[in-house]
Amino acid sequence: MITTGITSDSDQPQQTVPAKLNLNFVYFISAVVAIGGLLFGYDTGVIAGALVFMEKRFTLQADMMGWVVSCAILGSILGASTAGVLSDWLGRKNILIFSAVLFSISAIATAVPNDINLFVLMRILGGFAIGISSVLCPLYISEVAPAAIRGRLVSLNQLAIVTGFLVVYFSNLCIAGFGDEAWKLEYGWRWMFGSSFIPSALFLLMLFFVPETPRWLSKQGKTEAAFDVLHKIGGKAYADNALSEIVHTVEEESGSLGQLLQPGFRRAMGIAMMLGILSQVTGINAIMYYAPIIFQKTGNGTGSALLSTVLVGAVNLLFTFVALWLIDKAGRKPLLFWGAVGMATALGGVGTLFYLGLTQGPGILLFILLFIASFAASYGAVVWVVISEIFPTRIRGRAVSIATMVIWLGTFGVSQTFPMLLSAIGPAGTFGIYFAFAVFTVFYVWTNVPETKGKTLEEIEHLWLGESHQASSIVAKAGA
């Protein structure tokens with residue numbers, strides 16, 4: 001699961017909520033945009049239930065099954081890579097409206113094809129919308145939210161994503177109960193995809209009631225319009241101060257890609273990319289996309305497999321709340337470390353049970369739920385906070401974009417290869433590979449990831465610069 005990293009409240013000086021803050025308005029526009037996050041989870045997760053029937057309907061081989069799943073991720077990569085440029089040009093709101101149109105078209109277009117290639121094309125279109133929402137929904141919220149409540153408002157997007165997964169898993173279960181096996185093979189999977197038209201249309205409609213972000217308006221020289229939005233959020237005094245801060249922040253955004261290759265920041269970039277790729281190659285999206293297929297390998301029928309998938313979604317949502325509660329209490333590194341320990345334990349358990357043939361009973365389900373809980377309470381949320389706070393302001397946007405692309409590429413690789421691995425080496429070997437990556441993740445976090453809890457962005461930047469100066473000093477002494 002993927003979101004754009006935004007710094008948490010702990011990174012900012014302690015601030016109080018403005019006395020005249022229009023909370024109803026702020027929460028309304030944030031909730032509307034968070035529907036895009038829900039669609040992210042809904043459209044990403046719908047394939048989990050539909051694939052069970054599409055595999056038989058289109059006689060999909062392992063490689064084609066992987067492509068049916070991963071094609072949407074390819075679209076997401078394209079959407080995420082262009083969302084920033086498009087929104088800088090045409091505005092955050094207009095590109096969000098564009099994504100809502102694509103969501104709506106894709107919902108219908110993926111429900112009607114009798115040709116798998118046409119389905120893939122329409123699925124890529126929906127993936128493009130997912131990529132846009134993954135970047136712009138948290139970005140929009142961060143640009144309209146007052147600093148004092150920015151963290152909790154931006155977290156709405158992450159909660160909306162995992163809620164979308166849970167809702168679509170439950171929707172798939174309900175739709176699968178409408179008819180017999182023949183109906184499911186011909187029509188059931190179509191209704192699963194078509195059901196996303198309802199939240200897509202709601203998203204499109206409600207976006208017309210939210211303003212453009214004051215930050216984008218200010219960058220376009222529309223300061224009066226920016227002031228009007230800020231005034232509606234918190235009154236005149238708030239608008240004056242916020243507009244001044246926006247102008248100052250925009251002036252700082254002058255970094256270059258070359259700065260990412262400087263000694264100190266190069267390590268920060270390496271950590272961001274490694275955390276991004278490790279969050280994927282440990283298998284999270286193999287479970288989120290293929291859960292019913294996995295549970296069928298244990299001998300469960302389709303209905304039981306879909307019900308187990310609903311439990312996966314529920315645990316994912318529950319432990320996302322745990323991550324949001326602990327991240328500023330326990331710290332980033334402990335959550336990442338113990339989350340990886342939990343993931344490794346769970347993956348080892350799943351692989352061992354499959355290897356021993358002990359697939360009956362609740363064992364595999366319980367280990368998978370342990371994996372989901374461990375991931376949701378750590379990597380699902382924490383990775384994005386770390387990625388967003390370890391870079392200085394002037395290069396943060398570019399750096400987070402690169403890390404985001406790495407995560408999408410990891411998601412694509414896992415979703416494409418999982419059915420092929422399952423076919424080639426079986427579930428025991430497949431989960432054994434994910435277990436090995438999880439064990440590596442434990443040691444990587446312990447030895448390479450610094451703790452950033454309680455540090456200001458300036459202190460974090462000085463950490464990297466200090467390492468850079470230390471490294472230069474060592475080289476100089478060695479040369480002497």
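**Close-up 1. Leu-205 and a nonpolar surface patch.** In this predicted model, Leu-205 belongs to helix α7, which spans residues 197–207. Together with Phe-28, Phe-208 and Phe-209, Leu-205 makes a nonpolar surface patch of about 440 Å².

**Close-up 2. The salt bridge between Arg-57 and Glu-186.** The side chains of these two residues meet in a salt bridge, with an N to O distance of 3.1 Å.

**Close-up 3. The salt bridge between Arg-215 and Glu-143.** In this salt bridge, the closest N and O atoms of Arg-215 and Glu-143 are 3.8 Å apart. Arg-215 is found in helix α8 (residues 214–219) and Glu-143 in helix α4 (residues 116–144), so the contact ties together parts of the chain that are 72 residues apart in sequence. Both residues are buried.

**Close-up 4. The salt bridge between Asp-240 and Lys-236.** Here the closest N and O atoms are 3.0 Å apart. Asp-240 and Lys-236 are separated by about one helical turn, because they stand 4 residues apart in helix α9 (residues 223–252). Asp-240 is partly exposed, its relative accessible area being 36%.

**Close-up 5. A salt-bridge network and the surroundings of Arg-92.** Salt bridges that share partners join Asp-88, Arg-92, Glu-143 and Arg-215 into one network. Arg-92 is located in helix α3 (residues 92–109). With a relative accessible area of 4%, Arg-92 is buried, because this value falls under the 20% limit for that class. When neighbours within four places in sequence are left aside, the residues in contact with Arg-92 include Ser-87, Leu-136, Leu-139 and Tyr-140, as well as Glu-212, Thr-213 and Trp-216. The network members Glu-143 and Arg-215 are likewise in contact with Arg-92. In total, the model contains 7 salt bridges.

Terms used
Residues numbered from 1 in each chain as written. Predicted model: local features only at pLDDT ≥ 70, side-chain atom pairs only at ≥ 80, totals over all residues. Heavy atoms only, no water. Salt bridge = Lys/Arg side-chain N within 4 Å of Asp/Glu carboxyl O. Helix = DSSP H or I, 4+ residues; strand = E, 2+ residues; numbered from the N terminus. Buried < 20%, exposed > 50% of the residue type's maximum accessible area, 1.4 Å probe, protein only. Patch = residues over 30% accessible without salt bridge, like charges linked within 9 Å, V, L, I, M, F, W, Y side chains within 5 Å. Areas by Shrake-Rupley, 256 points an atom, 1.4 Å probe, with all protein chains shown as cover. Contact = heavy atoms within 4.5 Å.
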